[in-house]
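Take a look at the sequence and the model below. We will walk through the aromatic rings first, then the helices.

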Amino acid sequence: DYFLFLFQRNYSNRKISRYAPDNRKNRTFNRTLINDKTLQTQARANTLDTFKFPFEELFMNKLIERMEQNQGIFERIMEDKDDFGSVVMALMMQNVYERLNA
């Protein structure tokens with residue numbers, strides 16, 4: 001699975017790990033995703049590969065909603081969407097999916 005590969009390859013990377021879901025600064029954002037009722041249903045009904053579609057949409061919507069609170073991460077994700085942004089999103093997606101299916 002591509003996202004799991006990115007997660008394993010990049011989690012220890014210092015530039016990425018400060019944006020990991022277990023980082024204290026990101027817990028509130030992560031909790032927002034976990035508390036979303038639609039995402040909860042999607043996580044329970046789908047595999048991780050299929051879950052990525054509703055997750056990515058909600059992730060970007062919530063990121064935009066919180067742009068002022070998270071200006072640094074917002075800019076970093078949007079500027080480097082293909083590499084950095086996809087890794088951060090994959091880290092959070094894996095975390096949210098596992099928590100919702102625990």
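This model is predicted. Start with the rings: there are three aromatic pairs. One of them joins F51 and F55.

Are they buried or exposed? F51 is buried, and F55 is buried too. The rings also form a cluster: ring pairs link F51, F55, F59 and Y97.

Next, follow α5 to its contact with another helix. Helix α3 covers residues 27–34 and packs against α5. The angle between α3 and α5 is about 130°, and their axes are 11 Å apart. That angle lies between 115 and 145 degrees, so the two helices are oblique to each other. Their crossing is right-handed. Which residues make the contact? From α3 come F29, T32 and L33. From α5 come F55, L58, F59, K62 and L63. F55 and F59 also belong to the ring cluster.

Finally, turn to helix α6, residues 71–79. Its buried residues are I73, F74 and I77. Why do they share a side of α6? They cover an arc of only 100° around the axis, so they end up on the same side. These buried residues pack against two helices: α5, residues 48–65, and α7, residues 81–100. So α5 is in contact with α3 and with the buried residues of α6.

Key: Residues numbered from 1 in each chain as written. Predicted model: local features only at pLDDT ≥ 70, side-chain atom pairs only at ≥ 80, totals over all residues. Heavy atoms only, no water. Buried < 20%, exposed > 50% of the residue type's maximum accessible area, 1.4 Å probe, protein only. Helix = DSSP H or I, 4+ residues; strand = E, 2+ residues; numbered from the N terminus. Arc of directions from axis to C-beta. Contact = heavy atoms within 4.5 Å. Phe/Tyr/Trp six-rings, centres within 6.5 Å; stacked < 30°, edge-to-face > 60°. Axes fitted to C-alpha atoms, helices over the stretch in contact; angles between N-to-C directions. Parallel < 35°, antiparallel > 145°, perpendicular 65-115°, else oblique. Left-handed = near helix turned anticlockwise from the far one by under 90°.
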